[in-house]
Amino acid sequence: MPRPSSNALTRAVPERVDVALAERCRTDAPGAFEELYRAHSPRLFGLACRMVGRPDAEDLLQEIFLSAYRKMGQYRGDSALGTWLFRLATNLCVDHLRSRGAKWSRMTDELPEEPPAAAPGSGSVLGAIDRMDLDRALATLPDGCRTVFVLHDVEGFEHHEIGTLLGIADGTSKSQLHKARRRLREALTENERR
Amino acid sequence: MTTCEEIEPRLSEYVDGDVDASTRAGVAAHLASCERCAGVAVDFERLRSAASNLGPIAPPPGAWASIVARVEVESDAPRRSSAARATWPGLAAAAAIVLVAGGAYVVHQARQSAAAAAVATSAAAAPTSLNDELTQAMQHYDTAIADLQATATSGEHQLDPAVAATLKRNLGVIDDAIAESRTAMTVDPTSAAARDSLFDALQQKVTVLQDTVALITDAREPDSPARGSQR
C-alpha cells in the first residue's frame with residue numbers, strides 16, 4: 001500500500017521551543033548545545049551508523065554537531081530544528097560516501113542484471129525480523145543500495161526526494177531499493193538457516 | 001505479464017503501491033497463482049515494516065566529550081592571538097604539544113603494531129612490545145596533562161568565573177570518559193576499542209587544557225605590545 005510521505009524533512013513543523021533553543025545555542029547559553037545534542041544525537045547517530053557504518057559514524061557525529069554549531073546562525077525557524085539537523089546530517093553522510101570514491105560512483109551506474117530472487121522452497125522465507133539482525137545485514141550491503149534502503153524504508157523518503165538528495169534518477173533509486181530488499185532477504189534467510 | 005521473470009522486478013514497486021492500476025492488477029493475478037513470487041512480496045513487506053521500526057542508536061559515551069572539545073577549540077580560536085601563545089604559559093602549552101606529539105606518535109606506532117602483530121617481524125630495538133609502547137604513550141600524555149594542569153590551576157583565577165566553570169565542567173566530562181576507558185581496559189586489556197577510547201579522551205583533555213592556558217594568557221596580557229608582532 002502506498003504510504004503518505006512522512007520523513008524527517010516533512011513530518012515536523014517548527015515549534016517555539018526550537019527557535020528558542022537555536023537562539024540559546026547561537027548565544028552560547030550554558031547547557032543549550034548539550035540540550036540540542038541530547039535531544040537529537042540518537043536519531044542522527046542511527047542515521048549515520050546505517051548510512052556510513054558504525055566506525056565512520058562516530059567521527060561523522062562530531063562533524064554533524066560541529067557543522068550545526070557553525071551554521072546555527074543560518075537556522076531561521078522555517079522548519080523544525082530536528083528537520084534542519086536531519087538535512088544537515090544527511091548531506092554530510094552523502095558527502096562522506098562520495099568521498100569514498102569508486103564505491104559511490106557505482107550508485108549511478110547501470111545495475112547488473114541479477115537472477116530473480118532465489119526462493120529456497122516456496123512462499124515467504126522470513127519470519128519475524130530481529131532489529132539487530134536487520135542492522136547487521138544492512139551493514140553488508142553496497143553503499144548505493146544501502147543508502148537508498150535507509151532513506152526509503154527506514155527514514156520514509158519518497159524516491160523523488162532521494163533522487164534530489166543523492167543526485168540520481170528516480171528509476172535508479174527504485175532499482176537500488178529493489179536490489180537492497182532482495183539482498184537483505186537473502187542475507188536474513190541465510191541467517192535464519194544458521 | 002505472466003512469468004516470474006517479468007513480475008519479480010516489479011514486486012518492490014508493487015509492495016510500495018507505486019504502480020499503475022493495470023500493472024497492479026497484472027501482478028496481483030500472478031501472485032494469486034504463484035506461491036514463490038507471493039512469498040517474495042510478503043517478505044518485502046516484512047522487511048519494509050521492520051526497517052520502519054528501526055529506532056535511534058545511542059552514541060558512545062565519549063562522543064559528547066569529543067564534540068565539546070572541538071566546539072571549545074572552535075569557539076575560542078578567534079579570541080586567541082599567536083603572540084599570546086608565545087608567552088610563558090603558552091610555552092608550557094607548546095612544550096605539552098611536543099610531549100603529546102611524541103605520545104601520539106607512539107600511540108600511532110602502537111596501533112600499527114597491534115594491527116600488524118600477526119604478520120610483522122620487527123627488528124626495531126625499542127620499544128620492545130606493544131604494552132611498552134602503550135605505557136610509554138600514556139606516560140607522555142600523563143606528563144603533558146600534569147604540566148598543563150599545573151599552569152591552568154595557577155592561572156585559573158584570572159579567567160571569567162563563568163568560563164572557568166564551563167571549562168571545569170568539560171574537563172569533568174572528559175575525566176569521566178577517561179575513567180570509563182581505564183576501567184574497560186582493566187576488564188579487557190586487549191580491547192582495541194577501550195584503548196582507542198582512552199587515548200582519544202586523553203587527547204581531548206590535552207586540547208581543553210591547552211585552550212584553558214591560551215585563555216589565561218589572553219586574560220593576563222590583554223594589551224601586550226608584543227601582540228600581533230610575533231609569530
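Chain B has nine helices and zero strands. Its order along the sequence reads α-α-α-α-α-α-α-α-α. The model is a predicted one. Of the 231 residues in chain B, 42% are buried.

Now turn to chain A. Nine helices and zero strands make up its secondary structure. Along the sequence the pattern is α-α-α-α-α-α-α-α-α. Chain A has 194 residues, and 49% of them are buried. Take the contacts in chain A between residues at least 6 apart in sequence: 76% of these join residues at least 24 apart. The accessible surface of chain A is about 9,200 Å². Carbon and sulfur atoms account for 51% of it.

One backbone detail in chain A deserves a look. Most residues other than glycine have a negative phi. A:Asp28 is not a glycine, yet its phi is positive, at about 55°. Where does A:Asp28 sit? Its place is the loop between helix H1 (16-26) and helix H2 (32-52) of chain A.

Next comes the interface. The size of an interface is often given as the accessible area lost when the parts come together. Between chain B and chain A, the buried area is about 4,200 Å². Carbon and sulfur atoms give 61% of this area. On the chain B side, 41 residues are in contact with chain A. On the chain A side, 50 residues take part.

What polar links cross between the chains? Twelve residue pairs are in polar contact across the interface, both partners being at pLDDT 80 or more. The salt bridges between chain B and chain A number five. B:Asp43 forms a salt bridge with A:Arg185. The closest N and O atoms of that pair are 2.7 Å apart.

Which elements of chain B give two or more residues to the side that touches chain A? They are helix H2 (11-15), helix H4 (35-52) and helix H5 (63-76) of chain B. H4(B) gives the most, with 14 residues. By type, the residues on this side of chain B divide into 19 nonpolar, seven polar and 15 charged.

Finally, follow one residue across the boundary. B:Asp18 is found in the loop between H2 and helix H3 (21-33) of chain B. Is B:Asp18 buried or partly exposed? Its relative accessible area is 33%, so B:Asp18 counts as partly exposed; the buried class would need a value under 20%. Leaving aside residues up to four places away in sequence, B:Asp18 touches A:His159, A:Lys174 and B:Glu13. Two of these names carry the chain A letter, A:His159 and A:Lys174. With A:Lys174 there is also a polar contact: the side chains of B:Asp18 and A:Lys174 are joined at 3.3 Å.

How values were computed. Residues numbered from 1 in each chain as written. Chains lettered and ligands numbered in written order. Predicted model: local features only at pLDDT ≥ 70, side-chain atom pairs only at ≥ 80, totals over all residues. Heavy atoms only, no water. Contact = heavy atoms within 4.5 Å. Buried area = accessible area lost by both parts, 1.4 Å probe. Salt bridge = Lys/Arg side-chain N within 4 Å of Asp/Glu carboxyl O. Polar contact = N/O pair within 3.5 Å; in protein donor to acceptor, adjacent residues only side chain to side chain. Helix = DSSP H or I, 4+ residues; strand = E, 2+ residues; numbered from the N terminus. Nonpolar A, V, L, I, M, F, W, Y, C, P; charged D, E, K, R; others polar. Buried < 20%, exposed > 50% of the residue type's maximum accessible area, 1.4 Å probe, protein only. Areas by Shrake-Rupley, 256 points an atom, 1.4 Å probe, with all protein chains shown as cover.
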